[in-house]
Amino acid sequence: MLEKLKQEVLEQNLALPLAGLVKCTWGNASARDSETGFIVIKPSGVAYADMRAADMVVVNSIGEILEGSLRPSSDLATHLYLYAQYPEIGGIVHTHSTTAVSFAQARIPIPALGTTHADYFCKDIPITRPLSAAEVQTEYEKNTGVVIAQTLAENQVQPLEMPGILVAGHGPFTWGKTVKDAVYHSIVLEEVAQMAYQTAQLIANPPVIEAYLQQKHYTRKHGKDAYYGQK
């Protein structure tokens, strides 16, 4: 079942440690099949070096295992909630990449300081509110997805305009039209987090990018008038 997608999900999971975004088993990537709606996700707690395409777990939209002998990622319910909320998303990634987690632990957004950030994120990368004790004790992983969706709504952004977020005290989640896009956005999010952190070492309260410059850089890569890259 979904052999091609399982291979793709394996490859994109393996791309995370290669990009320096994952240590040990601290991350996961999933993809949704556009025809069936089934989701392929990394198994829980399996070392990246040991994973094979056959180890990827196939579930339906409510998390029932359709194929696979291993338990799916413990973050499965977060992925399922986001897929249910946003049909435009085809891939989701969660990591504990160092600088992004530092912002999440400090509970501050990643500010839009320059054009690298503006190329991919339409404004500051937001941070969720902390989950309540009740939300953690009951359906913790699903409620992580709930606060992500709440934060996007509060910031009045669509998920493909803001393809990543920080969960307070936890770390980054990213997404995209495909799982490859989601991994790419994880790489970009960590890089702009590092740039913002280093800028803050040079100057206290660094200025954010001018709104008109941010808009220019975002729209030249996204939307109907985009002209970056090849057609």
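The largest pocket is lined by Tyr120, Leu160, Pro163, Gly176, Lys177, Asp181, Tyr184, His185, Lys221, His222 and Tyr228. A pocket here is an open set of points on a 1 Å grid over the protein atoms alone, with protein on both sides within 12 Å along at least five of seven lines; lining residues have an atom within 4 Å of a point. This is a predicted model: local features need pLDDT of at least 70, side-chain atom pairs need 80 or more, and totals for chains, interfaces and linings use all residues. Residues are numbered from 1 along each chain as its sequence is written, and side-chain values use heavy atoms, without hydrogens and water.

The largest pocket holds about 370 Å³ of space, a volume filled by probe spheres set on the points. Helix α7 (residues 179-202) gives the most to its lining, with three residues. Helices are DSSP runs of H or I with at least four residues; strands are runs of E with at least two.

The cut-offs are NZ of Lys within 6 Å of the ring centre and within 35 degrees of the ring normal.

| Charged end | Ring | Distance from ring centre |
|---|---|---|
| Lys42 | Tyr48 | 5.2 Å |
| Lys221 | Tyr228 | 4.2 Å |

Now the sheet. Seven strands form an open sheet in the order β4-β3-β2-β1-β5-β7-β6, with antiparallel pairing. Strands pair if DSSP finds at least two bridges between them. The edge strands, β4 (65-67) and β6 (164-167), each pair on one side only. Three bridges join β2 (residues 39-41) to β3 (residues 57-59). In β3, Val59 is the bridge partner of Ile39.

How values were computed
1 Å grid on protein atoms, 1.4 Å probe; cavity = no way out; pocket = protein on both sides within 12 Å on 5 of 7 lines; lining within 4 Å.
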